[in-house]
Amino acid sequence: MKRSDSTGPMRAFIKKGARFFLNGALMRASDSVTLDIHAVDVLLMPSHLIDAEEVHTPLQQLYYCVQQMLIAPERKAEWQEGLRSCVAGAGLPDREVLRPVLRLVEREKYQSAMAQLRKVMREERDSQSRGTEATSRRV
């Protein structure tokens, strides 16, 4: 996604068969398409979405709950409860790392919270892969 200039529309290229959310509506591209988006509140691209079947770690579970609060606001209370139980559970990084994310969720800035969580998940994945590489070198 790129913005041609600061006052012009945002441009997004969507691949054939890709799904995305636009202002709460699930969209699916039947063909490859380029969209010029002039006003958007919520735009989630396929790379920002996680399916329930893809949730394997506590961080992914946390991300999924935040994603669902954004996508299904009518079930917000249910997803907030899931988020609380996830935060209370084990396996999450240091609470200090998640504090900014939780503040964003409290302010209902779900997209920003998801972006922060993607960054945390990427950092965790990178640190795990570095640890795996170091272990394999020692063997």
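Glu-96 is partly exposed, with a relative accessible area of 48%; on this scale buried is under 20%, exposed is over 50% and partly exposed lies in between, with a 1.4 Å probe and protein chains only. The model is predicted, so local features need pLDDT of at least 70 and side-chain atom pairs count only at pLDDT 80 or more, while totals for chains, interfaces and linings use all residues. Residues are numbered from 1 along each chain as its sequence is written, and side-chain values use heavy atoms, with hydrogens and water left out.

**Overall layout**

- The protein has four helices and six strands, where helices (H or I, at least four residues) and strands (E, at least two) are DSSP runs numbered from the N terminus.
- Their order from the N terminus is β-β-β-β-β-β-α-α-α-α.
- Of the 139 residues in the protein, 35% are buried.
- Contact means heavy atoms within 4.5 Å; among contacts with a separation of 6 or more, 44% are between residues 24 or more positions apart.

**Helix H2**

- Helix H2 covers residues 76–88, 13 residues in total, and spans 18 Å from its first C-alpha to its last, close to the 18 Å expected at 1.5 Å a residue; the expected span is 1.5 Å times one less than the number of residues.
- Its buried residues are Trp-79, Gly-82, Leu-83, Cys-86 and Val-87.
- Viewed down the axis of H2, these buried residues fall within an arc of 135°, so they line one face of the helix; the arc is that of the directions from the helix axis to the C-beta atoms.
- Ala-77 and Ala-88, on the other side of H2, are exposed.
- The cover over the buried residues of H2 includes helix H1 (58–71) and helix H3 (95–106).

**Salt bridges**

- There are four salt bridges in the structure, each being a side-chain nitrogen of Lys or Arg within 4 Å of a carboxyl oxygen of Asp or Glu.
- One of them joins Lys-76 and Glu-108, at 2.3 Å from N to O.
- Lys-76 belongs to helix H2 and Glu-108 to the loop between H3 and helix H4 (110–138), so this pair ties together parts that are 32 residues apart in sequence.
- Lys-76 is partly exposed at 21% relative accessibility, and Glu-108 is partly exposed at 46%.
- Another salt bridge links Arg-84 to Glu-81, with the closest N and O atoms 3.3 Å apart; the two residues are three apart in helix H2, about one helical turn.
- Glu-81 is partly exposed, with a relative accessible area of 45%.
- Glu-96 also takes part in a salt bridge, with Arg-99, at 2.6 Å from N to O.
- Glu-96 and Arg-99 are three residues apart in helix H3, a separation of about one helical turn, and Arg-99 is partly exposed at 33% relative accessibility.
- An α-helix has 3.6 residues a turn, so residues three or four places apart point the same way.

**Cysteines**

- The structure holds zero disulfides, a disulfide being a pair of cysteine sulfur atoms within 2.5 Å.
- For Cys-65, the closest cysteine sulfur is that of Cys-86 at 5.9 Å, too far for a bond.
- Cys-65 is buried at 5% relative accessibility, and Cys-86 is buried with a relative accessible area of 5%.
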